[in-house]
Amino acid sequence: MRKFGKTLLPILPLIAGVFLGFFKISDLMIFTGDQGWFFLSARDLIVNHKIPLVGITASITWLYQGAIFTYFLAPFLWLFKFNPLGGAVLTILFNLLAIVAIYKVGKNFFGEKVGVLAALLFPTSPLIIIHSRTAYHTSLIPLFALLFFWFLYKLIKESGKNLIWVALLLAILFQLELFHLYL
C-alpha cells in the first residue's frame with residue numbers, strides 16, 4: 001500500500017492541473033484584445049500562409065514581441081476548427097508540462113516531498129489557473145523560464161555543457177516577453 005501512495009503522490013499535481021485547467025473552460029476562458037492579434041495572425045498563417053515575423057508592440061512602441069506564440073497557436077486553432085478554446089487547451093498543456101518540470105526540478109534539488117509540494121502549489125495557485133486558461137504568449141513563460149534556469153544550472157555545474165540549450169531557451173523567453181531595461 002505504501003508503494004502505491006508513493007507512485008500516486010507525484011500524479012496528484014497533474015490531476016489538479018487537469019481539473020483546474022479544464023473545469024468549465026468554455027465559461028471561464030479569458031479573452032482580451034491583445035490575444036486577438038495572435039489569433040488573427042495564427043488564422044492568417046493557416047489560411048493565407050502569411051508568416052508573421054514579429055508580434056504585437058511592447059509597452060515601448062518601437063519594440064515588438066516575438067511571433068513564436070503564433071507558431072504554437074496555429075496548429076491548435078486548426079485542430080479546433082478556429083474555436084478560441086484551442087488556444088486555452090494549448091496553454092493548459094504547457095501548464096501541465098510546467099507541473100512536471102517543477103516536480104522534477106524540486107525532486108532533484110530538494111527531494112521527493114518538496115518536488116510534490118512545489119508541483120501541487122503551482123497548479124492550485126489562482127493566478128496560475130487564470131494564466132493557464134488565458135491563451136496568451138505570457139502563459140508559456142513559467143515552463144520556459146524553469147527550463148532556462150535548469151539548463152543554466154547544468155551549464156555552470158558541468159562547465160560548458162548545455163550552452164546551446166541555455167541560448168535557445170533565452171531566445172524563446174525573449175520571444176515570449178521582452179525585458180525592459182531603463183538606464
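Hi everyone, let's start with the fold: the protein chain has ten helices and zero strands, where helices (H or I, at least four residues) and strands (E, at least two) are DSSP runs numbered from the N terminus. This is a predicted model, so local features need pLDDT of at least 70 and side-chain atom pairs count only at pLDDT 80 or more, while totals for chains, interfaces and linings use all residues. Residues are numbered from 1 along each chain as its sequence is written, and side-chain values use heavy atoms, with hydrogens and water left out.

Now the overall picture. Along the principal axes, the C-alpha atoms fill a box of roughly 55 × 45 × 30 Å. Of the 183 residues, 42% are buried; buried means under 20% relative accessible area, exposed over 50%, and partly exposed in between, with a 1.4 Å probe and protein chains only. Among contacts (heavy atoms within 4.5 Å) with a separation of 6 or more, 65% join residues 24 or more positions apart.

Let's turn to helix H7, residues 112–124. What is its end-to-end distance? The end C-alpha atoms are 19 Å apart, which agrees with the 18 Å that 13 residues should span at 1.5 Å a residue; the expected span is 1.5 Å times one less than the number of residues. Its buried residues are Gly115, Val116, Ala119, Phe122 and Pro123. They sit on the same side of H7, because they cover an arc of only 130 degrees around the axis, taken from the directions from the helix axis to the C-beta atoms. The face turned away from that buried side carries the exposed residues Lys113, Leu117 and Leu121. And what covers the buried residues of H7? The cover includes helix H2 (12–22), helix H6 (85–110), helix H8 (126–133) and helix H9 (141–157).

One of those covering helices, H8, is also the place of Ser132. Is Ser132 buried or exposed? Ser132 is buried, with a relative accessible area of 5%. Leaving aside neighbours within four places in sequence, Ser132 is in contact with Gly21, Ala88, Thr91, Ile92 and Asn95.

Last stop, Asp44, in helix H4 (residues 33–47). Asp44 is buried too, with a relative accessible area of 17%. Not counting residues up to four places away in sequence, Asp44 touches His49 and Lys50. Asp44 and Ala74 are 30 residues apart in sequence, yet 9.0 Å apart in space, C-alpha to C-alpha.
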